[in-house]
Amino acid sequence: MFRIDRRLIQNFDWLTLAIVILISIIGILTIFSATRQPSAGEAAQASFYIKQIVWLIISILALILFISFDYVWLGRIALPVYVTGLILLLIVLISGRTGMGAQRWISLGPLSFQPSEFFKLMFIIMLSNYYSFSRESLGVTGLLRVFFFIVFIPFVLLFKQPDLGTAIVILLIFASVSLAKGLYKKVIIMIVVIGMISLPFLGNIMWTGLKDYQKNRLIAFIEPDVDPAGIGYHINQSKIAIGSGEFFGKGYLNGTQGPFRFLPEKHTDFIFAVFAEEWGFVGSTFLLSLYLLLIMRGLDTASKAKDDFGRLLALGITFMFCVYFFVNVGMTLGIMPVVGIPLPFMSYGGTALLSNYISIGVLINVRTHRFSLFY
Amino acid sequence: MQTEKPEAQKIAIASYLILLGFLIILLRLWQLQLLQGDEFRKTSESNRLRIIPVSAPRGIIFDRNGIPLVKNTPYFCASIMPEEFHNANIPYLAGVLHIPEDELREKINRKAQSPFTPVRLKEGLSYDEVSYIEARRSDFPGLFIEIEVSREYLYGGIGAHAIGYLGKLTPGQSKDPEFKDVPPNAFIGQWGVEKLYDRSLRGTPGQRIIEVDAIGREIRLLKENPSVKGADLSLSIDIALQKAAEDAFEERTGALVALDSDSGEILGIVSSPAFDPNRFAKGVSPAYWNEIMNDKKVPMLNRAIQSQYPPGSTFKIITAIAALEEGVSASASVTCSGGMFLGSHRFGCWKKEGHGTVSLHRALVESCDVYFYNAGRTVGFDKVHDYALMFGLGEATGVGFGKERKGLIPNTEWKRKERKEPWWPGETVINSIGQGYVATTPVQMAVMINAVSNGGNVYKPSIVKLSGPVLVRKAAVKPETLELVKKALEGVVNEPGGTGHAAHSNTVVIGGKTGTAQVVGIKKDSKYLAEQHRDHAWFVAFAPVDKPKVAVSVLVEHGGHGGSAAAPIAKQAIEAYMLPVEKKKGLMHVQD
């Protein structure tokens, strides 16, 4: 299982790894800038970047671990892994640590982690594995079966936490992977029609199920100037940060929106705004291009996968990053509602970084092992 | 796996969609950073830049001997930033700040207009409270301590009317361009010299341009235009005299003005009762304000310049000067049998058994009414009026602070114009002894006695030390006249039978004149009269007699006899003034 042969080294996806590590380093530099204490009088609590460096090292090791075996194994253990994931989500719901008005954490002694971060990958593995059993396009019953047995339970658990961001990501991954798997045209048409009819009802149900802060975010997205110091505050401050960067940026460590605490969650969800303020249009375009390259490389990996499982796995992971990227950057730019999801590899957060690296590990695995036949 | 053509197609479609999304993001970035970048850059600047006015330290006010009368004292205030404050901490914080919980809750929730505007919770924290909070900073997120400066009046109410007090800008003042450089919450002088010299005392405020974070906390100082400290001010007040005089008044109502003989500088100015300017220093409390405003003794009235009283027998000085100047011989005598008839009306002398035969000197020493009835009748009251005006009575002295009253010295022309009546001979009689229409303020009487004792120089009184005196006029009287009067005034205090014996001092030779001004027409023994019907007691004095350095006027409202009520006050003020400066500093507990 843990053989390393020359062919694996040759086929190793250095590009993806390089992009991801480069983004992570940019991320750590930006976290440093965002959390620096501009006034000397304040107690230095800016150890975020050090923690992030430690997590990066752990993450790279985990990534290597997840490349070292053929990903086909993941398909074989998909079901137990998935069930474990569900149980973890359930535990969080029952006895989770509350953070930001939502229960997302499980404490294991000194460590605490967010099972939902790892669950996404488990979900993708489960879905890809299930879809790879048959080469037939999905009909209505097939789709409904998948929806109820694989998607619905975690969606409800996540929605209840509430972790709206991850819940939506799960739905989007389900939709995109299903499309990639192949649906009959009439099914697609039917879903679109039913969706449009039921949208008002669904919207209503969703709306009443939302917490106040979630509702406020949606209101603020539609009308950010309603209350600039209140619910529209995040978006306005984020736009000010990005816009004031202008073409060349204010320069590294010269941003003011983040460290002076105008911008909330500056080192987590709004880290792109901090970066854009300091590096301007030039730097932002460069950073965004890295993400584009990563996503395109992921799609390429999917198209080169040796089997359906690998292809769907690579697509699922790529779509996941894609969703995170567009929703997060769109949010900081004020063209998407504020959904509390981080920017992969940039945002501060150990669990997210680790799970992202594991996902990238799996993605690289699919590419690296595309020639090895191991049945 | 080349057979999977539709799969490749799907991936191609996905790529195009992703590229489209990427383009949208780039366009948005273009819009924010390049099209609207300038605007956002400005917003981010104003986000983080604050211009904080820096109040200038207020000038210190000294007495004439360099004794500081005020101090700028820092005090601590507790404020919170509502955004960061947890309401669950209210009960705990209420205990720490010693504020009732309800009041604190109300303060915090009332001004919930913006979570980024600080709310002041308490002013004037004790050191214990400050150190308790500082040691437990982390217990109270959003709570911070600010330092403000207040004015401390070192001698409390002593000299309150002269020194004045500070207050916030009134609505009228905040529109006045004169105060446009005053920060909105700053205190400015609203009374006394604090008001009169506010412009120079308050200095020029500076500015600090600072970087702040989202909750307004200072991050870094970018630029500082230092404030310019207000100019110090040396008053002409002698705080030792001032204190001695106020102490001498005890609880009584009245006024005292003491002037420097050679310049007219005010050495002391008392209006009793006064108020405590320290209670205004951090903003006057409604309770104290109501207490002052409802006090029947009207503490906010500066009686020294804003109240006028009949001068009573102190006015005989003027009548005496008029008589001597108009040809009455000092040796000419009048026989007092306790009263004088004018027609059928008898004008009594205060001494019922009469003074016997008296000339000018004895008449002044014993304050014989009958002598001055005759003197007034001899020269006519129009003449007396002219001399009164010559010595500064009947006109505002121009002392400069507060609304001064002019007093009244009547004459026949005034009576005809104002009252549309002729002047009756009896009016000459009573006005000649300072009753009737005659009314003067304590400051006028001080100017008068000063001019009489210093050779006829009527000076404009000044509350600050002057480089040179401001002479209003030199009284056109013969030096011998003034010498005769001064000799008599020395006798009032120092000769047997003198009415001002209570002002006799063992340390300095004082000259003076008592006055007892009738409040109601019937004259009875003042002991048995209700206080509001008792006579006002006057005493005007100067010392030392041979080379005067100080002139004083004292009025005690409803004090009874001038000799017993007012003269001791003048004496104590004069004695305090004559002390060596070092001794004064010791008395006032001055620390160098």
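## A walk through chains A and B

In chain A, buried residues account for 48% of the 375 residues; a residue counts as buried if 20 or more other C-beta atoms, placed from the backbone, lie within 10 Å of its own. Keep in mind that this is a predicted model, where local features need pLDDT of at least 70 and side-chain atom pairs count only at pLDDT 80 or more, while totals for chains, interfaces and linings use all residues. Residues are numbered from 1 along each chain as its sequence is written, with chains lettered from A and ligands numbered from 1 in the order in which they are written.

Chain A has 14 helices and three strands. Those are DSSP runs numbered from the N terminus: helices are H or I with at least four residues, strands E with at least two. Take a look at helix 6 (residues 115-131) of chain A: 17 of its 17 residues are buried, so the rest of the structure largely encloses it.

Now hop over to chain B. Here five strands make an open, antiparallel sheet in the order 12-11-21-20-19; two strands pair if DSSP finds at least two bridges between them. Strand 12 (266-272) and strand 19 (511-517) of chain B are the edges, each pairing on one side only. Further in, seven bridges join strand 11 (residues 254-260) to strand 21 (residues 550-556) of chain B. Across from B:Leu259 you'll find B:Ala551, in strand 21 of chain B.

Conventions. A residue is buried if 20 or more other C-beta atoms lie within 10 Å of its own, exposed if 12 or fewer, and partly exposed in between; C-beta atoms are placed from the backbone.
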